[in-house]
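I have kept to what can be checked against the coordinates.

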Amino acid sequence: MIAASRPQYARRVAELLERDVDEDPLRQFSRWFEEARATGVAVPEAMALATASSDAEPSVRIVLLKG
């Protein structure tokens with residue numbers, strides 16, 4: 001079946017606490033990005049970008065960070 005062909009995602013999800021987040025968002029992003037690379041995430045530069053129209057119609061797309 002389709003479910004059997006899917007990879008198993010068994011990663012430990014850490015709790016995100018405000019006190020543990022760097023005040024500098026670029027520095028925090030760098031930490032998260034390097035952590036993703038170090039743990040073997042296949043495409044750490046891939047992310048979901050979601051927006052909503054003025055009518056509140058959501059839209060989401062996958063984008064790749066280029067710089």
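**Notes on the predicted model**

1. D24 and R27 form a salt bridge, with their closest N and O atoms 4.0 Å apart; the term is used here for a side-chain nitrogen of Lys or Arg within 4 Å of a carboxyl oxygen of Asp or Glu. Salt bridges that share partners join this pair with D22 and R31, so that D22, D24, R27 and R31 belong to one network. D24 is partly exposed, at a relative accessible area of 28%, and R27 is also partly exposed, at 45%. For these classes, buried means under 20% relative accessible area, exposed means over 50%, and partly exposed lies in between, with a 1.4 Å probe and protein chains only.

2. Residues are numbered from 1 along each chain as its sequence is written, and side-chain values use heavy atoms, with hydrogens and water left out.

3. D22 counts as buried, at 15% relative accessibility, while R31 is partly exposed, with a relative accessible area of 45%. A further salt bridge brings together the side chains of R19 and D20, at 3.9 Å from N to O; R19 is exposed, with a relative accessible area of 71%, and D20 is partly exposed, at 48%. A search of the whole structure finds 5 salt bridges.

4. The chain contains 2 helices and 2 strands, and their pattern along the sequence reads α-α-β-β. Helices (H or I, at least four residues) and strands (E, at least two) are DSSP runs, numbered from the N terminus.

5. Q28 counts as buried, at 6% relative accessibility.

6. On the surface, L16, V21 and W32 form a nonpolar patch with about 300 Å² of accessible area together. Patches are made of residues with over 30% relative accessible area and no salt bridge, like charges being joined within 9 Å and nonpolar side chains (Val, Leu, Ile, Met, Phe, Trp, Tyr) within 5 Å. Accessible areas come from the Shrake-Rupley method with a 1.4 Å probe, and for residues only the protein chains shown count as cover. W32 lies in helix 2, which covers residues 25-38, and is partly exposed, at a relative accessible area of 44%. W32 and V43 are 11 residues apart in sequence, and their C-alpha atoms are 13 Å apart in space.

7. Strand 1 (residues 46-52) and strand 2 (residues 58-64) pair in the antiparallel sense over 7 bridges, pairing being assigned if DSSP finds at least two bridges between the strands. A50 has V60 of strand 2 as its bridge partner. The hairpin has 5 residues between the strands, and A56, which has its place in this loop, takes a positive phi near 70 degrees. Most residues other than glycine have a negative phi. A56 counts as exposed, at 60% relative accessibility.

8. The C-alpha atoms fill a box of roughly 45 × 40 × 25 Å along the principal axes. Of the 67 residues, 7% count as buried, and the accessible surface comes to about 6500 Å², of which 57% belongs to carbon and sulfur atoms. Among contacts with a separation of 6 or more, 11% are between residues 24 or more positions apart.

Conventions:
Predicted model: local features only at pLDDT ≥ 70, side-chain atom pairs only at ≥ 80, totals over all residues. Contact = heavy atoms within 4.5 Å.
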